[in-house]
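Here's a quick briefing to read with the model open next to you. It starts with a few single residues and then moves on to helices and sheets.

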Amino acid sequence: MTDGVVLSDGAVAVAGGVIAFAGPRAGFDSGAFPAARILDVPEGGTILPGLVDMHCHGAAGGGFPNDGAEACRAAADFLHRNGTTTLLASLVTASIEDLEQQIEVLRPLVADGTIAGIHSEGPFLSHHRCGAQDPEWLRDPDPELLRRVLTAAGGTLRTMTYAPELPGAGDLVSALAAHGVTPSLGHSDADSATAAASLELAAGLLSAADSGAFGAAARPTVTHLFNGMPQMHHRGPGPVAACLRLAAAGIAAVELIGDGVHLDPETVRMVFELAGAANVVLVTDSMAATGLPDGDYELGPCAVTVRGGTATLASNGALAGGTATLLEVVRRTIAAGVSPADAVLAATAVPAQVLGLESEIGSLKSGLRADIVVVDRDFRQTAVLRSGRILAALTG
């Protein structure tokens, strides 16, 4: 299953860390690929591309916004072994000193391929829609603060969440695009017109950017649609209406946390049907509690309580990230009524395209990196390969 297509009686063969063959089993010639090994699939099972998570704060006790390199590596390793073979490490709003320090922790993980880059969720967000972001450190767009973040990142910052209604947001979007960073509208109290204008500005800047900065399918994203935004009302549709409309037009891609907590399943199904799977990015927003029992955790500077798998701020009960892996999100999206092919597309090829990595990951195609997840008939993993290396199968 790849690129929205289900191929029955298909086969995938791997050699030297890359996919040597992907297609109908009858078309596989072992003589043409003498060094390749063909993957075994359980009865009723399916081979998928490795999953790609663009919004992830940690797992297995490690938080990307606040922990050291060892804990961050352990978090990434847990996620890799549970099927998320590519991920961005998401930060949260914090002091500039803390942001610089944590970026310094994460840069070596980008350099060695453990993570694909950094996502900064803030600090240029709405006080009215801050969610689990610490309001003490929220700021209007500030060129000097942005310069410090970009300098610290040294090219590893891939996306940044921002509120388009803030003063200077237009200049911020222009600066992000000029530095190869994808703007992601979110944690916003904007009206529909302001949201639409900002996404259209971002889309135009990305498409006009130097071809090396973004991929051919570059476009702005929307950080966890519905969450961190006003509810859509028929006389005041707010940013949700604009984001849905522009996603349906292919101008933006909308993130959905389809974990059964952040969104009702019917909402998830509606967005897929209105915007189309090619314009949806499934994400986890996972935090350090992912893969661990209920208890007390941290998300950046904030204390978080997890009960029944739901993470909330200890201070006010606001949702504070997710605790599901991306494969679990895919399963719950399928349970919501979305076709398996569409759910997998939104967790593989679409985020790969947004990140400009479609020539490396996100699909089962000859020559791409052998990032592969094998699942049984219930979409529970039976094997994970990352760059052709078989990882121990953990259950999230």
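Thr182 is buried, at a relative accessible area of 4% (buried is under 20% relative accessible area, exposed over 50% and partly exposed in between, with a 1.4 Å probe and protein chains only). Keep in mind that this is a predicted model, in which local features need pLDDT of at least 70 and side-chain atom pairs count only at pLDDT 80 or more, while totals for chains, interfaces and linings use all residues. Residues are numbered from 1 along each chain as its sequence is written, and side-chain values use heavy atoms, with hydrogens and water left out.

**Thr182 and Phe214**

- Thr182 sits in strand S11, residues 182-185 (helices, H or I with at least four residues, and strands, E with at least two, are DSSP runs numbered from the N terminus).
- Leaving aside residues up to four places away in sequence, Thr182 touches Arg158, Thr159, Met160, Leu206, Phe214, Arg219, Pro220, Thr221 and Val354 (contact means heavy atoms within 4.5 Å).
- Phe214, one of those neighbours, belongs to the loop between H5 and strand S12 (221-222).
- Phe214 counts as buried too, with 10% relative accessibility.
- Seen from Phe214, the contacts are Ala177, Gly180, Val181, Thr182, Leu206 and Ala209, again not counting residues up to four places away in sequence.
- Leu206 turns up on the contact lists of both Thr182 and Phe214.

**Thr333**

- Thr333 lies in helix H8, residues 326-335.
- Relative accessibility here is 1%, so Thr333 counts as buried.
- Its contacts, not counting residues up to four places away in sequence, are Gly258, Val268, Phe272, Leu282, Val338 and Ala343.
- Thr333 and Thr305 are 28 residues apart in sequence, and C-alpha to C-alpha they are 25 Å apart in space.

**Helix H5 against helix H6**

- Helix H5 (residues 192-208) and helix H6 (residues 238-248) have axes that come within 7 Å and cross at roughly 40 degrees (axes are lines fitted to C-alpha atoms, for helices over the stretch in contact, and angles run from 0 to 180 degrees between N-to-C directions).
- That angle makes H5 oblique to H6 (under 35 degrees counts as roughly parallel, over 145 as roughly antiparallel, 65 to 115 as roughly perpendicular and the rest as oblique).
- H5 and H6 cross in the right-handed sense (right-handed if the near helix is turned clockwise from the far one by less than a right angle, left-handed if anticlockwise).
- On the H5 side the contact uses Ser192, Ala195, Ala196, Leu199 and Glu200, and on the H6 side Gly238, Pro239, Ala241, Ala242, Cys243, Arg245 and Leu246.
- Sorted by type, the residues of the H5 and H6 contact are eight nonpolar, two polar and two charged (Ala, Val, Leu, Ile, Met, Phe, Trp, Tyr, Cys and Pro count as nonpolar, Asp, Glu, Lys and Arg as charged, and the others, Gly among them, as polar).

**Helix H2 against helix H3**

- Helix H2 (residues 96-111) packs on helix H3 (residues 143-153) at an angle of about 20 degrees, with the axes 9 Å apart.
- H2 and H3 are therefore roughly parallel to each other.
- The crossing of H2 and H3 is right-handed.
- H2 brings Ile96, Glu97, Leu99, Glu100, Ile103 and Arg107 to meet Leu145, Arg148, Val149, Thr151, Ala152 and Ala153 of H3.
- Those contact residues split into seven nonpolar, one polar and four charged.

**The sheet S2-S1-S3**

- Three strands form an open sheet in the order S2-S1-S3, with antiparallel pairing (two strands pair if DSSP finds at least two bridges between them).
- Strands S2 (18-24) and S3 (37-38) are at the edges with a single partner strand each, so one side of each has no neighbour in the sheet.
- S1 and S2 pair over six bridges, while S1 (residues 10-15) and S3 have two.
- Val14 stands opposite Arg37 in S3, and its bridge partner in S2 is Ile19.
- The hairpin of S1 and S2 has two residues between the strands, and Gly16 there takes a positive phi near 60 degrees.

**The sheet S15-S16-S17**

- A further open sheet of three strands runs in the order S15-S16-S17, with antiparallel pairing.
- The edges are S15 (295-299) and S17 (310-313), each with a single partner strand, so one side of each lacks a neighbour in the sheet.
- From one strand to the next, the twist averages 35 degrees.
- S16 (residues 302-307) and S17 run antiparallel and are joined by four bridges, with Arg307 opposite Thr310 in S17.
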